[in-house]
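The following note collects numbered remarks on the model shown below. Please read them alongside the coordinates.

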Amino acid sequence: MIFADPAVQAVFTRYLAREAADAARMRELGPAGFAVRDEFLLPVGEAVGWFLHALITARRPRRILELGTSYGYSTLFLADAARIVGAQVVTMELAEYKQAHASAQLAEAGLADRVDFRLGDAVAMIAADPGEWDFVLLDIWKELYVPCLDAFHPRLAEEAIVCADNVIEPAMSRPDMRAYRAAVAGKPDLQSALLPIGSGIEISVKWSAGSSRL
Ligand SMILES: C[S@@+](CC[C@H](N)C(=O)[O-])C[C@H]1O[C@@H](n2cnc3c(N)ncnc32)[C@H](O)[C@@H]1O
């Protein structure tokens, strides 16, 4: 698949080249790569990117929250889909240099007006936003999935979708992923399924008992 807009595709082609270079360097470094993880894109990957893009274009959310901008690979998919459906993306990142890179790429892709880049600790920033979320991509450091869920869950719109990445891989994240899946299962208004796409996506939909659409 390719992006319909050549400016978006040109930016994505650069991300693909960096993703391949990162993969080669990670293979070289082995487990030592974890210490320098901030140098890598750590992207959701193309299959998940297009899955998110299709979900957004089909479900037409208005407000999209991304937790973990990194260098902007996944933000590009969210923002391109957001432009198609007239939505806005809020993306949160702790590292200023990553956010600066992401912001420059999105501007080059012509998608700057679709994205509100927020810098700082995501858990605190979620709590500070009074709006509702229709779509959430959770792809932050894995020990933060449960605190983030607890922070955004009260602000999920009815029928909102939450996609959490890395539920299957890497194996070292599985204890955190088990805790996340247990936390989701403990919320009676969330219905979930684990999809073997990319590194594993837990997709959850908010359906409250008594919702008029049930
Ligand atoms: C796996 S990467 C995100 C990859 C990105 N979604 C993509 O597909 O291109 C996780 C990111 O979460 C960021 N992060 C970690 N802790 C954070 C926090 N407390 N608040 C905001 N961002 C944080 C890291 O700096 C890192 O860039």
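1. Helix α7 (residues 174-185) lies across β5, β6 and β7, and its direction is at about 15 degrees to β7. Helices (H or I, at least four residues) and strands (E, at least two) are DSSP runs numbered from the N terminus. Contact requires C-beta atoms, placed from the backbone, within 7 Å. Axes are lines fitted to C-alpha atoms, for helices over the stretch in contact, with angles from 0 to 180 degrees between N-to-C directions.

2. The model is predicted: local features need pLDDT of at least 70, side-chain atom pairs count only at pLDDT 80 or more, and totals for chains, interfaces and linings use all residues. Residues are numbered from 1 along each chain as its sequence is written.

3. Helix α6 (residues 145-152) lies across β1 (63-67), β4 (133-138) and β5 (156-164), and runs at about 175 degrees to β4.

4. The open sheet has seven strands in the order β3-β2-β1-β4-β5-β7-β6, with mixed pairing; a pair needs at least two DSSP bridges. β3 (115-119) and β6 (190-195) each have a single partner strand, so one side of each edge strand lacks a neighbour in the sheet. From one strand to the next, the twist averages 15 degrees.

5. Strand β7 (residues 201-206) pairs with β6 in the antiparallel sense, over six bridges. Leu194 has Glu202 in β7 as its bridge partner. Five residues lie between the strands of this hairpin, where Gly198 takes a positive phi near 55 degrees.

6. How do helices α1 and α3 cross? The axes of α1 (residues 6-29) and α3 (residues 73-85) come within 10 Å and cross at roughly 160 degrees. That makes α1 roughly antiparallel to α3, a term for angles over 145 degrees. The crossing of α1 and α3 is left-handed, meaning that the near helix is turned anticlockwise from the far one by less than a right angle.

7. In this contact, Val8, Val11, Phe12 and Tyr15 of α1 meet Tyr73, Leu76 and Asp80 of α3. By class, the contact comprises six nonpolar, no polar and one charged residues. Ala, Val, Leu, Ile, Met, Phe, Trp, Tyr, Cys and Pro count as nonpolar, Asp, Glu, Lys and Arg as charged, and the others, Gly among them, as polar.

8. The ligand is surrounded by 19 residues, the closest being Gly68, Ser70, Tyr73, Ser74 and Ala122 (C-beta atom, placed from the backbone, within 6 Å). α3 and β2 (88-93) each supply at least two residues of this shell. The shell has twelve nonpolar, three polar and four charged residues.

Conventions. Two residues are in contact if their C-beta atoms, placed from the backbone, lie within 7 Å. Angles under 35 degrees count as roughly parallel, over 145 as roughly antiparallel, 65 to 115 as roughly perpendicular and the rest as oblique.
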